[in-house]
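Subject: Structure handover

Hello,

I am passing on the structure we spoke about, with my notes on it below. Please look through the structure before you read the notes.

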Amino acid sequence: MQKIRDKERESYLEMKEELDDIQKQIDDELEKYYNNKSSKAKLLRLHEKIYRQYKQMAYIKCDGYTNEYNAISNYKSYVKKQINYIEDFAEKKAGKDIKVETKLLEAQEYALKYKSEFEEIIKEEPKLY
């Protein structure tokens, strides 16, 4: 049972690294956009790139629902929401993208929340269920 839990936790950490990479790309490109060093066209290209990365990620392997699973699953879902909102934001006309932009920023906040929650949980000793 311990080996199974160790493999699960290892797969969660690998997924977190992949999600962190996607999150960093999103953060960097949005920062460039807000500093007028990027455009919506570049955001759209970023969407295409990170969407492919996201689709190539492995699925979460878990024999049961654990705290680690819940936290990484929530983190993954909010990263996916950001990917979708980036596409919507990049395709909207100026002035009509306020709602999408707000949703994008909220998704970023939640992703960071669940990322930090996962980081705290993974530091603890694994519980055998």
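A90 counts as buried, because its relative accessibility is 11% and the cut-off for buried is under 20%. Keep in mind throughout that this is a predicted model. A90 lies in helix α3.

For helix α3 (residues 67-91) and helix α4 (residues 98-123), the angle is about 160° and the axes are 8 Å apart. Angles over 145 degrees count as roughly antiparallel, so α3 is roughly antiparallel to α4. The crossing of α3 and α4 is left-handed. Sorted by class, the contact of α3 with α4 has 16 nonpolar residues, seven charged and four polar.

Next, the aromatic residues. How many aromatic pairs does the count come to? The count is four. One of the aromatic pairs is formed by Y33 and F89, with 5.5 Å from centre to centre and 80° between the planes. That pair is edge-to-face, because planes over 60 degrees apart are classed that way. Y33 lies in helix α1 (residues 2-34) and F89 in helix α3, so the pair ties together parts that are 56 residues apart in sequence.

Are Y33 and F89 buried or exposed? Both are buried. Y33 and F89 also belong to one aromatic cluster, together with Y34. F89 has a further neighbour in K40, which lies over the face of the F89 ring at 4.7 Å from the ring centre.

The last item returns to helix α1, where Y12 lies. Y12 has a relative accessible area of 1%, so Y12 is buried. Y12 and F118 are 106 residues apart in sequence, and the distance between them in space is 9.2 Å, C-alpha to C-alpha.

- Y33, Y34 and F89, the aromatic cluster
- K40 over the face of F89
- Y12 and F118, at 9.2 Å between C-alpha atoms

Regards

Terms used: Residues numbered from 1 in each chain as written. Predicted model: local features only at pLDDT ≥ 70, side-chain atom pairs only at ≥ 80, totals over all residues. Heavy atoms only, no water. Axes fitted to C-alpha atoms, helices over the stretch in contact; angles between N-to-C directions. Helix = DSSP H or I, 4+ residues; strand = E, 2+ residues; numbered from the N terminus. Parallel < 35°, antiparallel > 145°, perpendicular 65-115°, else oblique. Left-handed = near helix turned anticlockwise from the far one by under 90°. Nonpolar A, V, L, I, M, F, W, Y, C, P; charged D, E, K, R; others polar. Phe/Tyr/Trp six-rings, centres within 6.5 Å; stacked < 30°, edge-to-face > 60°. Buried < 20%, exposed > 50% of the residue type's maximum accessible area, 1.4 Å probe, protein only. Lys NZ or Arg CZ within 6 Å of the ring centre and 35° of its normal.
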